[in-house]
Amino acid sequence: MSDSLILENESSGCFDVEAQQSLLHDHSTTTTLRLPEADTTATTFMSDSGTVSAALDISADPTDEDILLSAHDSASDEHQNNVDLQQIQRNNITEIVKNKDLQGLHDIGGVRGAAEALKLIYKTGFLVAKTSPHASPANYVKLWNQRGRLEHWLKKLESSWQSRGRKIQVLVVREGHDQFVHEIDLQVGDVAFLRKGDRVPADGLYITGQALELEGSIKSTAIDEQNPFLFYGRRVVNGDAWMLVTSAGMDTVWGEMMSQAVQYADNKCKFETYLHKLNNCIHISGLLISILIIIVLFLRYTAGKLDDERRFRPDTKGEPTPVRTIVDVFKGIVTGSRGTVRVLTTLLSLSLLGVMEGMAFVIAVAAIIWSRRTLAHRATERDYQTCLKMACVTTICTDKFGGLTEHEQEIDKFYVGEEFISESSVVSSNVLEGLSDGIGTLFLINPSACESEFVPLVLWAEAKLGMKRESVIQQCEMIEHSGCNPLQECCRVLIVKNGNRYLHCKGPPEDLLSSCSYHYDIDGQIRVLDEIKRRMLAQAIGYMEDEAGKVIAYACKCVTESDQASVEPNNLILLALISLKETTREDTRRAVLTLLEGGIRTILASGDDIAVLRTIGEDCGLLTPNSEDLVLTAEEFRGWTEEEKTEKVEKIRIMGNCLSSDKILLIKCLQEKDQVVALLAQQTIDAPALKQANIGLTYGTWSSEIARECCDISIWDSNCFGFLVNVVENGRCFQDNIRNFIQLELIITISSSLINFTATVILGDAPITAVQLFWLNLVVAFAGGLAVLTGPPTKMLMTRLLPVKSSATARLISKAMWRNIAVQASYQTTIFVTLQHKGHTILGTRGGHLKALIYNGLFLCQMFNKFIAREPEKKNIFSGLFQYYNRWFWVGVVVFLVCQAVYAMAETVLGSSPRLNMKLWGVCILVGLVSWVLDWAGKSLSNFAAKRAAANDSTDL
């Protein structure tokens with residue numbers, strides 16, 4: 001047996017004002033399939049301009065129905081057994097669709113068998129009771145939230161689904177009645193109607209109608225009785241048909257891929273993880289130092305050592321007993337010695353209010369500033385650390401857009417009604433049909449239009465609108481025309497289609513709008529073009545011209561043969577505005593080569609054929625001559641063994657006939673090879689791949705809402721790959737600056753800890769107070785961050801800095817940084833502990849003046865270390881220092897000195913520290929200047945040792 005469905009559509013006209021209110025077809029179609037033994041349920045769909053009648057035969061076999069009815073009337077346990085059996089069958093149907101198992105579908109009776117099973121489930125009430133919690137994305141999100149995974153992201157995604165799902169309505173047959181339901185409210189067992197331009201709202205099976213062509217699918221593949229499997233997210237480019245919903249919401253294939261990808265949402269670049277680990281290490285080190293000092297103080301106390309400059313040590317009342325020893329000792333230390341209390345307070349403040357707290361805050365603020373500076377007016381980000389993460393990228397996977405195209409121009413923006421159309425937008429089929437006819441008149445005027453400058457426009461109309469050259473030529477007959485180039489003049493074409501006459505006009509929007517009295521909205525409704533709408537259109541046109549420079553307006557109207565006045569170009573209905581932009585292919589080529597020089601490979605993964613992609617790859621620099629670059633289809637890639645994937649995946653440059661699942665597989669293979677992958681995509685079906693990638697990128701107005709919700713950066717800049725080069729350069733510069741800042745912070749952390757620890761061990765007292773140490777950390781963090789973290793990017797960064805991979809072998813702190821830290825920390829510890837111990841002999845001063853000297857000298861050493869931190873590897877630390885782009889460094893230095901002067905004056909006024917004379921200030925400055933000399937000496941010795949080692953290696957060879 002076969003299915004039976006009768007579709008009838010009567011339409012009186014296509015483009016007059018009264019006839020354009022239909023939400024269904026704008027052309028007449030009748031498809032009849034008869035079932036002689038079927039019980040039919042007639043359903044009628046009404047619209048303003050036509051009627052659609054459907055008779056669906058989805059009844060069960062009489063024997064099966066008798067069994068179910070008897071089970072319903074029998075005991076409840078038998079009823080539950082039947083329900084469970086139906087649920088198992090439903091699960092089988094879902095698996096058949098997901099696996100595209102055509103043989104399995106035939107085994108259960110084809111689409112009819114699936115419809116029967118789902119209808120029986122619905123009749124028993126099981127669908128509402130068991131599957132409705134999974135029918136909508138919102139409910140699925142709640143289940144995930146109960147598991148406690150990624151609640152914040154899922155709530156945002158839920159909001160996006162809810163917003164989009166409430167905007168889009170689907171015509172369905174439910175319980176024998178036709179109705180429009182929101183996409184988010186679709187249920188298993190619904191029979192949904194798909195029109196040209198609609199997005200497939202769920203997973204399901206093709207029932208009957210015209211063969212469907214879907215956007216992004218392999219061109220040779222059509223959806224019909226031989227290939228009935230439909231999946232959520234694809235846009236219908238051509239054809240009208242009915243589908244049976246077998247899974248909806250997050251139970252779809254797209255939903256399963258998304259849920260799997262969500263598990264990897266925190267599998268991001270590891271640079272921020274390194275910072276967190278460094279933070280933990282410093283805190284643990286501070287705690288260990290505190291414990292060591294307590295132990296040292298305990299040993300000094302038990303040995304009877306003098307604890308401070310007053311030669312005072314804590315005493316207990318009588319001899320300690322074994323039980324009370326520890327309690328009495330600690331009580332005596334805390335209550336008996338102001339010097340020891342100062343030591344403990346200082347070290348505890350170091351561990352609890354340590355430098356890394358300010359460091360993390362300063363880095364976060366600097367990251368936000370860098371992100372705003374990099375993305376301003378060119379992109380939007382969802383995470384302020386995205387630019388930092390882009391510096392770690394090693395591979396960029398992209399589709400065929402953003403300059404990677406075979407043509408000199410491409411469609412930039414598409415405006416209908418009152419909004420720019422994105423990949424998520426659903427435009428009424430009559431608007432798409434009218435626009436296709438308007439663009440297709442190129443074939444009637446110039447049969448060689450496929451060789452003209454409007455080839456990108458034609459290809460876009462074929463891919464996005466479902467326009468077919470053969471259909472336009474067969475269905476439309478041109479009566480007359482005027483004008484040929486819509487970029488320069490208004491072109492008018494009078495055609496006959498299906499016995500009706502239509503006047504199509506296209507040209508510069510400023511000229512054409514004066515002839516328009518109405519406009520279409522995205523629902524296909526005709527609205528009056530009033531002054532408010534004209535101002536909105538003028539703003540949209542100005543924006544499109546600023547971005548692209550070339551804008552074409554399309555309008556039409558239905559005319560009568562008897563009324564010659566109707567042929568005049570007035571009272572037109574505006575269809576759409578379309579902007580074309582230059583693809584900047586040469587800029588894209590340079591950007592791809594620049595990324596390659598910086599260690600970032602670009603992989604073109606698209607649904608197009610290999611021949612087209614290979615041409616793009618050769619023109620845009622993706623393929624290197626005489627290299628091992630691989631060009632293959634997704635089917636070949638899927639056929640590789642795991643060993644072949646591991647061995648060859650890094651050689652792939654182009655992958656054609658690629659589905660979203662293939663992109664996810666490619667990304668996983670690259671990540672297993674320790675690659676950091678960024679994915680550039682636009683469509684909703686690519687949302688799981690965007691979440692799977694380390695960094696998700698969307699591009700242009702055509703990106704869908706869900707894709708933008710799942711990405712890290714939405715790019716609006718026309719030169720996409722040039723912008724990516726800029727982001728990577730700035731990200732690597734910021735990473736370099738963070739390393740320099742870490743060097744500065746580690747020097748002050750290690751040196752201050754060692755100074756206090758060593759002085760406490762030797763003398764029983766720390767030269768730096770808690771307040772002084774806190775102020776020093778605060779000023780170094782903020783003023784030092786201003787000076788070091790604002791360093792501008794240089795062209796050398798793309799080639800000098802290799803990407804930081806996510807492996808454990810990648811180093812946050814280089815050998816050169818450890819050398820600088822060791823030299824400076826050792827010097828500062830040695831000089832200031834020596835001054836603390838022998839300062840009265842060397843300088844002839846002691847007490848408060850000596851401690852003030854140590855603190856101010858340590859403070860100035862950090863100022864001189866700022867210059868060293870600029871160039872961790874070069875001996876010339878003043879390179880480019882006096883250029884304008886380094887102005888913020890000098891601002892940071894000035895702020896640093898002002899803060900120190902203010903603090904020194906405050907200590908003098910409060911009497912907590914004596915004023916230093918000019919001689920002692922000179923000593924402080926001299927101690928700081930020696931830091932530069934030691935830095936130069938350390939780098940010179942290191943370079944000499946490296947050259948000697950290289951010479952020895954060459955001699956051995």
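Helices (H or I, at least four residues) and strands (E, at least two) are DSSP runs, numbered from the N terminus. The model described here is predicted: local features require pLDDT of at least 70, side-chain atom pairs count only at pLDDT 80 or more, and totals for chains, interfaces and linings use all residues. Residues are numbered from 1 along each chain as its sequence is written, and side-chain values use heavy atoms, with hydrogens and water left out.

Residues 888–906 are 100% helix and 0% strand, with end C-alpha atoms 27 Å apart. Residues 773–791 are 84% helix and 0% strand, and their end C-alpha atoms are 27 Å apart.

Two sheets come next. Strands of a sheet pair through backbone hydrogen bonds, either parallel or antiparallel; here two strands pair if DSSP finds at least two bridges between them. Strand β5 (residues 169–174) runs antiparallel to β6 and is joined to it by six bridges; V172 has Q179 of β6 as its bridge partner.

The other open sheet contains eight strands, ordered β13-β29-β28-β27-β14-β24-β26-β25, and its pairing is mixed. At its edges stand β13 (379–381) and β25 (630–633); each has a single partner strand, so one side of each lacks a neighbour in the sheet. From one strand to the next, the twist averages 20°, where angles run from 0 to 180 degrees between N-to-C directions and axes are lines fitted to C-alpha atoms, for helices over the stretch in contact. Within this sheet, β27 (residues 677–681) and β28 (residues 695–699) pair in the parallel sense over four bridges, and A681 stands opposite T698 in β28.

Finally, consider a pair of helices. The axes of α29 (residues 815–842) and α30 (residues 848–870) come within 10 Å and cross at roughly 165°. The two helices are therefore roughly antiparallel to each other (angles under 35 degrees count as roughly parallel, over 145 as roughly antiparallel, 65 to 115 as roughly perpendicular and the rest as oblique). Their contact (heavy atoms within 4.5 Å) involves residues including Y827 and F832 of α29 and L853 and I854 of α30.
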